[in-house]
Amino acid sequence: MKWKVGLLTLGLLIGLSPLAPIPQQGSLPVGQPLPSARAATVDETSYSGTIGSGETSIPWTLNNGTLTLKGGTLRKFSGRWLTLPNGQVLTDLVEDNQDNLSRTDFQDKVTKIAVTGKINVGVNAAYLFAGFTNVTDYSGLANLDLTNLDSTNIVGGSGFMGMFTGNSALTTFTAPSFAASNTHSIANMFQNDTSLVYLDLSKMQTDNVANLSGLTLGCKALQVLNLGNFSSPDTLAANYTNYIEPSAQLNCLTVSPTLILKDSGLYNLTSSNSMVTNRWQEVGNGKVSFNLNQQPPFAGYDDFLQNYQVYDPQGPVLGDSDITVNDSTQQLLSLYDGEDHGITGNQTYVREPQPGMAIKEPEVPTPTPTPSTPTENDTADFQQFYLSATQKIGLYSHKNFSAANRLAWFAKKTQMKQPTFLVTGVTTSKAGNQRYQVRDANRHSQTYGETGYVTTKADYVTASYYQNAPRTVTVINPGGINGYGSAGLSQPQVAYAQGKQLAVKKIVTHGKTPRLLLTNGKYISGNRHFVVAGKYSVPVQVRVKTAVNRYANVNLTQRKQHYPQRAHHTFRILGWDYSQGQNTTTAGTLRYRVAGGYITANPRLVAAVK
């Protein structure tokens with residue numbers, strides 16, 4: 001009996017705590033991480049075989065990079081249990097294949113794993129798919145039958161610890177329920193998955209999870225982690241530690257009210273990112289939509305906003321901008337300390353975007369180019385397009401303009417805030433003046449959605465999308481814009497921050513919508529609200545000439561900090577915006593965006609530092 005106790009202790013210390021995988025002879029030395037992903041060598045050769053033998057064997061095929069497992073029963077691991085971290089499936093494939101394929105061959109060739117039939121994993125699912133260094137996608141994992149996991153067996157008790165360890169090319173992963181009726185561990189489940197950016201475990205059944213430690217150890221690229229529905233049992237608190245890689249690039253975290261974050265590894269985030277602060281913000285009524293359809297996978301991106309379709313949190317911020325970063329993180333930790341703080345249901349928190357940096361794709365229908373010579377006879381077959389007001393204009397209920405039938409005035413505003421109208425037709429007034437028949441597309445105007453008439457004079461209105469390619473454009477949208485691999489603008493590949501100057505090659509029409517093709521091969525929107533022709537810049541730094549305040553919002557109504565005149569404080573300018581941005585009747589005033597909020601851009605109060 002004593003030898004069993006000793007063996008159990010040894011297993012817990014080294015064998016089943018895979019801070020480093022245990023090698024077979026000829027593989028990496030003990031203490032070294034699993035190898036990084038090598039370039040896949042997918043070929044058109046098909047391979048096939050079985051794992052095990054008899055009626056319970058698992059047939060498999062390998063074709064064009066996809067390893068298909070067709071169902072059966074995983075045989076009991078026959079190797080030394082200390083070699084378990086080398087991967088059960090990978091080890092079985094090497095031992096059983098008839099094509100003399102080596103471990104390296106499988107690692108290089110397998111890029112996807114599909115489980116198409118029910119597979120009973122038996123008593124032990126630990127390190128099941130460990131070591132597949134080029135796998136980027138799993139499918140059919142719900143077909144894994146975990147009912148026979150044996151929590152009393154020294155190896156079986158590890159559950160599916162280390163299940164995907166060393167999957168260094170894996171970028172996104174969404175887990176099925178992984179329901180197991182016996183007590184089990186998921187410790188180190190994704191250890192050293194160094195390219196993993198998105199991890200959603202919210203569907204997992206966690207009632208019988210006894211060990212969470214080291215769950216994402218070594219996942220330094222991790223940005224999104226969903227641990228909804230996880231809880232920290234009081235009796236197992238020691239096994240719920242360091243489950244978040246402390247040096248991860250974490251920007252979005254979902255947790256349940258019963259998950260304790262105190263010893264999770266969610267320490268003070270020190271990684272620098274100009275797009276966000278180091279404070280946490282509850283998403284609330286906002287929207288954070290991750291791009292799961294990026295092809296090819298987005299591993300290696302430096303800027304987390306490139307991975308989001310929408311990043312627009314609207315909830316309260318945890319911590320004031322004037323307190324230390326550690327205090328801000330501490331507020332999040334203190335909400336999840338095992339006490340009842342009145343939180344109900346899963347909650348999502350994100351790192352607070354720098355003011356104006358939230359990316360939100362425009363919600364506008366597809367426009368068409370402005371017709372060259374519109375006449376009233378064209379109205380029946382008229383091609384709709386969007387129009388922006390460059391000067392103060394009126395919207396009228398009749399084509400014969402008068403004060404009596406004026407519905408609203410629209411103020412002259414800077415290009416990025418200009419009022420927009422959907423042109424649905426063209427007509428001529430009694431006096432012979434051409435009019436556009438339009439629908440008000442400005443969500444916050446008093447006539448939003450109403451139809452009417454505006455002038456067609458080029459001095460007052462222009463097409464909302466560029467019709468001719470400028471040589472250079474500057475990004476003016478405070479939230480930046482995305483660059484895409486195709487004119488459909490469906491798969492963002494790069495994010496361009498406000499102020500970025502881009503060289504344009506030509507106009508490309510997608511459907512009937514103008515896009516700008518850049519000289520670097522990326523496509524961007526041709527919407528004048530997002531880019532301006534030519535070069536546009538603001539000072540890099542300004543120094544105060546008199547006392548000024550820093551505000552939380554662009555309208556300068558929520559004061560955060562006062563800077564006295566005698567201090568002559570210098571601000572680094574991160575961008576710009578205009579007050580009254582959604583107000584169609586007020587022009588708005590330029591503001592500078594700085595760390596922690598906005599300041600005035602009035603030259604009487606601040607001066608550019610040359």
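Cys-219 counts as buried because its relative accessibility is 0%, and Cys-252, at 6%, counts as buried too. Buried here means under 20% relative accessible area, with exposed being over 50% and partly exposed in between (1.4 Å probe, protein chains only). As for disulfides, the count comes to zero, taking a disulfide as a pair of cysteine sulfur atoms within 2.5 Å. All of this comes from a predicted model, in which local features need pLDDT of at least 70, side-chain atom pairs count only at pLDDT 80 or more, and totals for chains, interfaces and linings use all residues. Residues are numbered from 1 along each chain as its sequence is written, and side-chain values use heavy atoms, leaving out hydrogens and water.

Now for the chain as a whole. Of its 610 residues, 50% count as buried. The protein chain has four helices and 41 strands; these are DSSP runs numbered from the N terminus, helices being H or I over at least four residues and strands being E over at least two. The accessible surface is about 27300 Å², and carbon and sulfur atoms account for 47% of that. Accessible areas come from the Shrake-Rupley method with a 1.4 Å probe, and for residues only the protein chains shown count as cover.

Five strands make an open sheet, ordered 1-2-3-5-7, with mixed pairing; two strands pair if DSSP finds at least two bridges between them. Strand 1 and strand 7 (137-139) are the edges, each pairing on one side only. From one strand to the next, the twist averages 15°. Helix 2 packs on this sheet, touching strand 1, strand 2 and strand 3, and its direction makes about 110° with that of strand 1. For such angles, axes are lines fitted to C-alpha atoms (for helices, over the stretch in contact), and the angles run from 0 to 180 degrees between N-to-C directions.

Strand 1 and strand 2 run antiparallel and are joined by five bridges, with Ile-51 partnered by Ile-58 of strand 2. Six residues separate the two strands in their hairpin, where Gly-52 in the turn has a positive phi of about 85°. Strand 2 and strand 3 are also antiparallel, with four bridges, and Trp-60 has Leu-69 as its bridge partner in strand 3. Their hairpin has two residues between the strands, and Asn-64 takes a positive phi near 50°. Strand 3 and strand 5, by contrast, run parallel, joined by four bridges.

The largest has 68 residues, of which Phe-129, Leu-144, Phe-160 and Phe-178 touch the most other members. Among the elements that each supply at least two residues are strand 1 (47-51), strand 2 (58-63), helix 2 (88-96) and helix 4 (325-335). Leaving out residues up to four places away in sequence, Phe-129 touches Leu-69, Ile-113, Leu-144 and Met-163, among others. A second, separate core of 30 residues includes Val-494, Val-531, Ile-573 and Trp-576.

Note on methods:
A nonpolar core is a set of buried Ala, Val, Leu, Ile, Met, Phe, Trp, Tyr and Cys residues joined through side-chain atoms within 4.5 Å. Contact means heavy atoms within 4.5 Å.
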